[in-house]
Amino acid sequence: MTSNGNTLIQIASYNTNLQGNLGLPQDLVDWLGPTLARSQEDEPAGKTPDVIAVGFQELLPLHLGLTGLSKSVIASRNSLILGELERHHEGANYVLVKSAVNVGVALLVYARADKEGAMADRISNVQSTWTGCGPLWMGNKGAVGIRFRAKGSSGAWETFTFVNAHLTAHTHNLPRRLQDYTHIVRTLVFPSTTGSSLETIYNSTHLFFFGDLNFRLRPPTQTETRLEGPDIAAMATTPEGRAEIAKLDELTLERQGGSVCHGLEEGDFWNFPPTYKYHLGDSTYSTKRNPAWTDRILYATASDSNIRPLKYTSVTSYTTSDHKPVTALLLVPAARPAEADGVPQLPTPPEMLSPSNLRNVYRYTGKLLGWTVGWMWCLLNFVGLGNVTVGFGNFVLGLGAWAWFKRSGYIRLES
């Protein structure tokens, strides 16, 4: 907590391109460290974040994520992150508050614990949840959430909610991205700590929604000049060019129209280059997709004053994925106590975002189907010596051979 009672929070998000433990060979200081210098500038005593939330998308190969084989990857990420935080945030000690994962979407939340009254000592009622999007809700897209309560400087209990999401890809799928957001809000619910009702992510004092949201640049109208990938890449190299192409950003336009991310705000994302799609191994844009700001960090607060973004940037030095990580350092103002139960909350969202009565049907149907598909995929991968296509071919060839031997009389089934 800062000297005036505000909370300093760092959010970091990275789509690792399905690489599992190979996704972070670089020093994490490039990703999590840029905030240290800025926080020290704003806090003469060398203030480091009170809370750090780290989100991953495409954490590991999809078939392994569907089967739930993510524990070892999460453990290695946690160990690496804690080591880097201790090494680069000198004098600060962090503990893992909670981790959550569904398929390839993972979230780890850390709190500072190196002095009396640090955030870790003030946290209670820690909860996590998940939901799946995509075909039959299997979770190749979806979200995970972590929330907790902490007592602020005003004496009020404040609810902090962190949501890491991965929405539907491709330019033509804007309607599905909007549907994904609605589905996430309606099914990513938490049990109430004050009653028997369920609470959505909007039942929060401070809400942070981030990840690979996959929003692209809006296609031009008939009267506008069509921008191709090379044109966008060239404009992305200058502040003036980025400000111009940011006017076509789908997420901004849809937020302004009230279609998505209701009540959420964002820093100036056009201050850094579009985060997708890059060639692996360098920082040049791929010609397969038009560059876009797919990776974002949004937030909302019930406080009287707004959350102030001290830093919001991408990290171009990471080259092992076709995405660039993004990170934000946010100064979160303390909230005044609410009149009812002492927990200030965000304004109630539209009725269409209320909890779904079918949320568990969607979640567990998707989980079961995903588990089944994942293990079949693993089996084909094994039979094909690491290649699913070869595995499927071997499987079909084996069935054909068995049928031929049966017809030829080489195989007789005993009655």
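L368 lies in helix α10, residues 359-383; helices (H or I, at least four residues) and strands (E, at least two) are DSSP runs numbered from the N terminus. This is a predicted model, in which local features need pLDDT of at least 70 and side-chain atom pairs count only at pLDDT 80 or more, while totals for chains, interfaces and linings use all residues. Residues are numbered from 1 along each chain as its sequence is written, and side-chain values use heavy atoms, leaving out hydrogens and water.

**Surface patch**
- L368 is exposed, with a relative accessible area of 56% (exposed is over 50%, buried under 20%, partly exposed in between; 1.4 Å probe, protein chains only).
- L69, L368, W371 and W375 form a nonpolar surface patch with about 440 Å² of accessible area together.
- Patch residues have over 30% relative accessible area and no salt bridge, and nonpolar side chains (Val, Leu, Ile, Met, Phe, Trp, Tyr) are joined within 5 Å, like charges within 9 Å.
- A salt bridge is a side-chain nitrogen of Lys or Arg within 4 Å of a carboxyl oxygen of Asp or Glu.

**Largest pocket**
- The largest pocket has a volume of about 320 Å³ (a pocket is an open set of points on a 1 Å grid where a 1.4 Å probe fits, with protein on both sides within 12 Å along at least five of seven lines; lining residues have an atom within 4 Å of a point).
- Of its 19 lining residues, T171, L217, P219, L227 and N290 are the closest to the centre.
- The lining comprises 8 nonpolar, 5 polar and 6 charged residues.

**Second largest pocket**
- The second largest pocket has a volume of about 250 Å³.
- Of its 20 lining residues, G68, S70, V101, V103 and K367 are the closest to the centre.
- Helix α10 gives the largest share of this lining, 5 residues.
- The lining of the second largest pocket divides into 8 nonpolar, 9 polar and 3 charged residues.

Key. Accessible areas come from the Shrake-Rupley method with a 1.4 Å probe; for residues, only the protein chains shown count as cover. Grid points are joined across faces, edges and corners, and a volume is the space filled by probe spheres set on the points. Ala, Val, Leu, Ile, Met, Phe, Trp, Tyr, Cys and Pro count as nonpolar, Asp, Glu, Lys and Arg as charged, and the others, Gly among them, as polar.
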